[in-house]
Amino acid sequence: MVEENLSLPYTFVCLTENINGLNNNIQVMDLPNLQTSGWWYKLSIFNDLGISGTALFMDLDVVIYRNIDKF
């Protein structure tokens, strides 16, 4: 849905431990090995990913149904 609702150039990056079934155009980053677990782990994974520029983080359960260029 990102491809259908974003007219700007972008790089799609997926943080995951399981790459099975991902589109080949998606750049994969391994989940960092953190010293925390549970709910706090999710908050901590965005601390130091080495991503530069503007980034928009979305969970897999986000439904995109309109243009997201403004984000």
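## Contacts, burial and the pocket

Reply: To start with one residue of this predicted model, Asn5 makes contacts with Ile64, Tyr65, Arg66, Asn67, Ile68 and Asp69, leaving aside residues up to four places away in sequence.

Me: Which helix holds Asn5, and is Asn5 buried or exposed?
Reply: Asn5 sits in helix α1. Its relative accessible area is 11%. Buried means under 20%, so Asn5 counts as buried.

Me: Where is Glu4, and is Glu4 buried or exposed?
Reply: Glu4 is found in helix α1. The relative accessible area of Glu4 is 64%. The cut-off for exposed is over 50%, so Glu4 is exposed.

Me: What distance separates the C-alpha atoms of Glu4 and Arg66?
Reply: Along the chain, Glu4 and Arg66 are 62 residues apart. Arg66 is also among the residues that Asn5 touches. Between the C-alpha atoms of Glu4 and Arg66 the separation is 8.7 Å.

Me: In what order do the helices and strands of the protein run?
Reply: The secondary structure consists of two helices and two strands. Read from the N terminus on, the order is α-β-β-α.

Me: What share of the residues of the protein count as buried?
Reply: The protein has 71 residues.

Me: Among contacts between residues at least 6 apart in sequence, what share join residues at least 24 apart?
Reply: The count takes in contacts between residues at least 6 apart in sequence. Of these, the part that joins residues at least 24 apart is 28%.

Me: Which strand holds Met29, and is Met29 buried or exposed?
Reply: Met29 belongs to strand β2, residues 27-30. Its relative accessible area comes to 18%. That falls under the 20% cut-off, so Met29 is buried.

Me: Which residues does Met29 touch, not counting residues up to four places away in sequence?
Reply: One of the contacts of Met29 is Leu15. Met29 and Leu15 are 14 residues apart along the chain, and their C-alpha atoms are separated by 4.8 Å.

Me: Where is Asn18, and what is its relative accessible area?
Reply: Asn18 is found in the loop between β1 and β2. The C-alpha atoms of Asn18 and Val28, ten residues apart along the chain, are separated by 9.5 Å. Asn18 is partly exposed, and its relative accessible area is 42%.

Me: How many residues line the largest pocket, and which lie nearest its centre?
Reply: The space in the largest pocket is about 1500 Å³. Its lining is made up of 39 residues. Those nearest the centre are Phe12, Val13, Cys14, Leu56 and Met58.

Me: Which element gives the largest share of the lining of the largest pocket?
Reply: The lining of the largest pocket takes two or more residues from each of α1 (2-5), β1 (13-16) and β2. With four residues, the largest share comes from β1.

Me: Which residues make the nonpolar surface patch of about 390 Å²?
Reply: Leu56 is in the segment after α2 (39-44) and, at 45% relative accessibility, counts as partly exposed. Patch residues need over 30% relative accessible area. The nonpolar surface patch is made by Leu56, Met58, Val62 and Phe71.

Me: Is Phe71 buried or exposed, and what distance separates the C-alpha atoms of Phe71 and Ala55?
Reply: Phe71 lies in the segment after α2. At 61% relative accessibility, Phe71 is over the 50% cut-off and so counts as exposed. Phe71 and Ala55 are 16 residues apart along the chain, and the distance between their C-alpha atoms is 9.2 Å.

Note on methods:
Residues are numbered from 1 along each chain as its sequence is written. This is a predicted model: local features need pLDDT of at least 70, side-chain atom pairs count only at pLDDT 80 or more; totals for chains, interfaces and linings use all residues. Side-chain values use heavy atoms; hydrogens and water are left out. Patches are made of residues with over 30% relative accessible area and no salt bridge: like charges are joined within 9 Å, nonpolar side chains (Val, Leu, Ile, Met, Phe, Trp, Tyr) within 5 Å. Accessible areas come from the Shrake-Rupley method with a 1.4 Å probe; for residues, only the protein chains shown count as cover. A salt bridge is a side-chain nitrogen of Lys or Arg within 4 Å of a carboxyl oxygen of Asp or Glu. Buried means under 20% relative accessible area, exposed over 50%, partly exposed in between (1.4 Å probe, protein chains only). Contact means heavy atoms within 4.5 Å. On a 1 Å grid over the protein atoms alone, a cavity is a set of points where a 1.4 Å probe fits but cannot get out, and a pocket is an open set with protein on both sides within 12 Å along at least five of seven lines; lining residues have an atom within 4 Å of a point. Grid points are joined across faces, edges and corners, and a volume is the space filled by probe spheres set on the points.
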